[in-house]
Amino acid sequence: MPEQDIRRKAEGIAQLFRERQQIDALPVDLMPADLSEAYRIRRVFEEIATAGGRGAVAGYKIGLTTPIMRKLCGVDEPCYGAIFAGEVHHRRAELAVRNYCRLGIETEIAVRLGEDLPQGGNRDRVTGAVESCMAAIELLEDLRHDYKRLSAAAMVAGNVWNAGVVLGAPVTDWRRLDLAAVTARLTINGREIGTGKGGDVMGNPLNALAWLADKLAAVGTPLKRGTIVMTGSMVPIQFPAAGDRAVVEVEGLGAAELIAT
């Protein structure tokens with residue numbers, strides 16, 4: 001598809017998110033033809049978001065990390081989108097749900113890189129590059145999408161719906177843990193909503209990181225030192241209401257908190 005059509009779709013999708021327009025599915029005239037086109041659109045979406053004040057790219061989120069979600073979307077691998085610096089919160093965030101069409105949260109392990117990964121790498125290589133790990137909440141804006149009509153291409157074109165992150169305190173001695181075995185827990189207003197294990201994310205969150213490192217190296221935008229990576233959710237998405245307090249706790253990796261107002 002010509003670059004002008006890619007930009008037209010990216011601008012249209014960016015407008016939907018900027019105006020928080022409710023949609024059941026991405027409009028046909030904005031729908032990517034395939035996943036390859038979706039990533040071209042996503043890259044322009046990223047440029048528009050950065051220029052529009054969301055901040056420079058601080059990292060990446062990985063989506064569709066479970067087989068059931070990939071099957072639902074008709075793809076055989078995960079997908080990724082950018083995290084913008086203006087939407088990175090530390091330890092605790094207070095956010096007004098009225099500022100979103102529908103605010104979603106996911107329960108994750110985040111990593112911060114201490115080294116560049118110019119050639120990508122296997123799990124051993126990326127493990128050596130991880131400076132710290134932390135409990136994290138991913139914030140999502142899904143525009144009240146009908147989940148029965150999910151499309152990986154549509155998600156990618158919309159930057160996989162990322163609306164920011166809340167990062168717990170970084171843990172630098174994380175190698176004492178088996179990330180596949182650690183338990184994650186989401187509570188809302190003190191009530192347990194769900195639990196999961198690190199291994200629910202592609203067998204190990206570091207497998208997800210290795211996948212992303214290879215993908216980004218292949219397209220000429222490799223992961224660099226200081227980059228944050230959200231490795232994938234261990235608990236199904238939840239939608240907090242005003243007045244809710246959500247806490248994600250990950251065994252050995254602390255906690256992150258969201259106050260919805």
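**First stop: a hairpin**

Select β11 and strand β12 (residues 254-260): they pair in the antiparallel sense over six bridges. Helices (H or I, at least four residues) and strands (E, at least two) are DSSP runs, numbered from the N terminus. Two strands pair if DSSP finds at least two bridges between them.

This is a predicted model, where local features need pLDDT of at least 70, side-chain atom pairs count only at pLDDT 80 or more, and totals for chains, interfaces and linings use all residues. Residues are numbered from 1 along each chain as its sequence is written, and side-chain values use heavy atoms, with hydrogens and water left out.

Now show the turn. β11 and β12 form a hairpin with three residues between them. Pick G252 in that turn: its phi is positive, about 80°. E249 stands opposite A255 in β12, and V248 stands opposite A256.

Five bridges join β8 to β11 (residues 245-250), and the two run antiparallel.

**The seven-stranded sheet**

Select the other order next: β2-β1-β10-β5-β6-β7-β3, an open sheet of seven strands with mixed pairing. Here β2 (79-84) and β3 (88-90) are the edge strands, each with a single partner, so one side of each has no neighbour in the sheet. The twist averages 30° from strand to strand.

Zoom in on β1 and β10. They pair in the parallel sense over three bridges. K61 stands opposite M230 in β10. Now show α2, which packs on the sheet and touches β1, β2 and β7. Contact means heavy atoms within 4.5 Å. The direction of α2 makes about 10° with that of β2.

**An aromatic pair**

The structure holds five aromatic pairs. Rings of Phe, Tyr and Trp (its six-membered ring) pair if their centres lie within 6.5 Å; planes under 30 degrees apart count as stacked, over 60 as edge-to-face and the rest as tilted. Y60 sits in strand β1 and Y80 in strand β2, 20 residues apart, so to speak a link between distant parts of the chain.

**Pockets**

On a 1 Å grid over the protein atoms alone, a pocket is an open set with protein on both sides within 12 Å along at least five of seven lines; a cavity is a set of points where a 1.4 Å probe fits but cannot get out; lining residues have an atom within 4 Å of a point. Grid points are joined across faces, edges and corners, and a volume is the space filled by probe spheres set on the points.

The largest pocket has a volume of about 460 Å³. Select T66, M69, E106, S233 and I237, which lie nearest its centre among 24 lining residues. β1 (57-63), α3 (67-73), β6 (130-141) and β10 (228-233) each supply at least two residues of the lining.

Move to the second largest pocket, about 330 Å³ in volume. It is lined by 19 residues, with F17, R18, R20, R54 and E87 nearest its centre. α2 gives the most to this lining, with five residues.

**Last stop: a cavity**

How many cavities of 30 Å³ or more does a search of the whole structure find? It finds one. The largest cavity has a volume of about 60 Å³. To see its lining, select F17, I23, L26, D142, L143, H145, A154, G158 and W161.

Note on methods: Axes fitted to C-alpha atoms, helices over the stretch in contact; angles between N-to-C directions.
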